Amino acid sequence: VKKAERGQVALHNATIQNAYLNKIKLKDRLKQALKEKTLTVYYQPIVNADTHHITKLEALVRWFDDEYGMVSPGTFIPIAEEFGLIHLVGQFVLEKSCQDLAQIHKAGFSDVGISINRSVSEFKASINQVKLITSAIENAQIPYDSITIEVTESLATNRYTWRTLNELRKHGVKVSLDDFCTGYSSLSNLIENQVDYLKIDKSFVDSLMSDLNKQVMIDCLIKLSDKLSIDVIAEGVEHLSQLEKLRELGCHHIQGFFYSPAKPIEACLTLLHTNAFV
Ligand code: C2E
Ligand code: CA
Ligand code: CA
Ligand code: CA
């Protein structure tokens with residue numbers, strides 16, 4: 001190997017090593033944050049496309065680290081999954097969301113629900129997700145159907161996951177297929193397994209206005225969903241033009257910065273009290 005090439009290989013290895021060390025450090029700090037309960041949950045409004053009322057809030061975990069600052073869940077959720085910490089994150093978000101929803105209901109907004117993200121890696125035979133989720137709901141004394149579980153379809157979404165989700169649905173808990181139109185999402189899964197909501201991913205909404213094919217696809221998807229009694233939620237809606245197009249196509253719910261980013265519960269209560277988007 002020539003000297004220059006050797007140098008490149010060494011540099012490459014050093015980069016991988018640094019990334020790995022950084023990951024280990026993040027993992028350790030996340031562990032600490034979980035122990036000290038310094039994670040928080042923010043909520044992003046999901047708005048009915050016809051009435052402009054907030055119908056749901058999506059719970060999105062937030063982690064502020066003293067050294068790293070705000071760490072995106074897009075960064076630390078995969079690390080939590082890799083190092084077996086995802087159950088702790090999931091349990092924290094579940095309990096906090098149910099308690100916060102109880103507070104929202106007590107404030108007079110009993111029609112509002114909360115949507116909770118659940119990693120597919122949390123659905124393992126050794127852990128009874130049905131028990132965990134129904135217990136959290138019962139402890140907070142909120143109705144089962146005020147909680148929606150969001151799962152992203154992936155190669156790992158196996159029969160066991162679907163069986164668990166179906167069991168949750170029998171209790172009244174709602175199920176939402178997240179990030180639809182990306183990755184491994186398939187129509188056959190949609191038809192074989194009953195879900196209540198389908199979320200069109202932001203990447204799809206991003207190119208909606210410039211890509212006629214996408215509009216045709218969403219049009220068909222909404223027509224199919226109507227037949228299956230599934231409500232479609234578009235996420236990542238930032239512009240009025242996107243909102244108007246989605247409404248025209250019959251999309252049921254809208255989520256995105258056009259209305260609001262995820263906020264602390266107090267700020268969401270203010271949005272509810274002021275009927276902010278009506
Ligand atoms: P997701 O489930 O697809 O959540 C939507 C993401 O898009 C959120 O990012 C949200 O803040 C962002 N978003 C919503 N509307 C807009 C918009 O109009 N413009 C832009 N630029 N972004 C928008 P966030 O909070 O950073 O979360 C990233 C991902 O991390 C989530 O994607 C979800 O997969 C995962 N995640 C977040 N919280 C949890 C959690 O509690 N548990 C699990 N398992 N995963 C979570
Ligand atoms: Ca989600
Ligand atoms: Ca999503
Ligand atoms: Ca997404």
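Is Asn117 buried, exposed or partly exposed? Asn117 is partly exposed, with a relative accessible area of 27%. Buried means under 20% relative accessible area, exposed over 50%, and partly exposed in between (1.4 Å probe, protein chains only).

The views below show a predicted model, in which local features need pLDDT of at least 70, side-chain atom pairs count only at pLDDT 80 or more, and totals for chains, interfaces and linings use all residues. Residues are numbered from 1 along each chain as its sequence is written, chains are lettered from A and ligands numbered from 1 in the order in which they are written, and side-chain values use heavy atoms, with hydrogens and water left out.

**View 1. The site of the calcium ion (ligand 2).** Four protein donors hold positions 2.1 to 2.4 Å from the calcium ion (ligand 2): Glu58 (OE), Asn117 (OD1), Glu150 (OE) and Asp178 (OD). Donors are N, O and S atoms within 2.8 Å of the metal (3.2 Å for Na, K and Ca); water is not among the atoms, so sites may look incomplete. Along the chain, the donors of the calcium ion (ligand 2) are spaced E-x58-N-x32-E-x27-D. Glu58 belongs to strand β2 (residues 54–65) and Asn117 to strand β4 (residues 113–117), so this pair ties together parts 59 residues apart in sequence. Helices (H or I, at least four residues) and strands (E, at least two) are DSSP runs, numbered from the N terminus. Glu58 is buried, at a relative accessible area of 4%.

**View 2. The site of the calcium ion (ligand 3).** Asp178 bridges the calcium ion (ligand 3) and the calcium ion (ligand 2), which lie 3.5 Å apart. Asp178 counts as buried, at 7% relative accessibility. Asp179 is partly exposed, with a relative accessible area of 22%.

**View 3. The nonpolar core around Ile104.** The largest nonpolar core has 76 residues. Such a core is a set of buried Ala, Val, Leu, Ile, Met, Phe, Trp, Tyr and Cys residues joined through side-chain atoms within 4.5 Å. Ile104, Ile147 and Ile149 have the most contacts inside it. Helix α3 (residues 86–106) gives the largest share of this core, 9 residues. Neighbours within four places in sequence aside, Ile104 is in contact with Leu57, Phe109, Val112, Ile265, Leu269 and Leu272. Contact means heavy atoms within 4.5 Å.

View 4. Ile265, Cys268, Leu269, Leu271 and Leu272 are the buried residues of α10. Seen down the helix axis, they fall within an arc of 155°, so they line one face of α10. The arc is that of the directions from the helix axis to the C-beta atoms. The cover over these buried residues includes β1 (40–48), β2 and α3. Glu266 and His273 are exposed on the other side of α10. Just after α10, Asn275 takes a positive phi of about 50°.

**View 5. Trp63 and its surroundings.** Trp63 sits in strand β2. At 1% relative accessibility, Trp63 counts as buried. Neighbours within four places in sequence aside, the contacts of Trp63 include Leu26, Arg29, Leu30, Ala33, Leu39, Gly69, Met70, Val71 and Phe76.

**View 6. Aromatic pairs.** The model holds 3 aromatic pairs. Rings of Phe, Tyr and Trp (its six-membered ring) pair if their centres lie within 6.5 Å; planes under 30 degrees apart count as stacked, over 60 as edge-to-face and the rest as tilted. The ring centres of Trp63 and Phe76 are 5.4 Å apart and their planes stand at 90°, so this pair is edge-to-face. Trp63 lies in strand β2 and Phe76 in helix α2 (residues 73–82), so the pair ties together parts 13 residues apart in sequence. The ring centres of Tyr259 and Phe277 are 5.0 Å apart with planes at 55°, so that pair is tilted. Tyr259 counts as buried at 12% relative accessibility, and Phe277 counts as buried at 17%. Ring pairs link Phe258, Tyr259 and Phe277 into a cluster.

**View 7. Lysines over rings.** Lys27 lies over the face of Phe83, 5.4 Å from the ring centre. The charged end of Lys214 sits over the ring of Phe204, 5.1 Å from its centre. A charge sits over a ring if NZ of Lys or CZ of Arg is within 6 Å of the ring centre and within 35 degrees of the ring normal.
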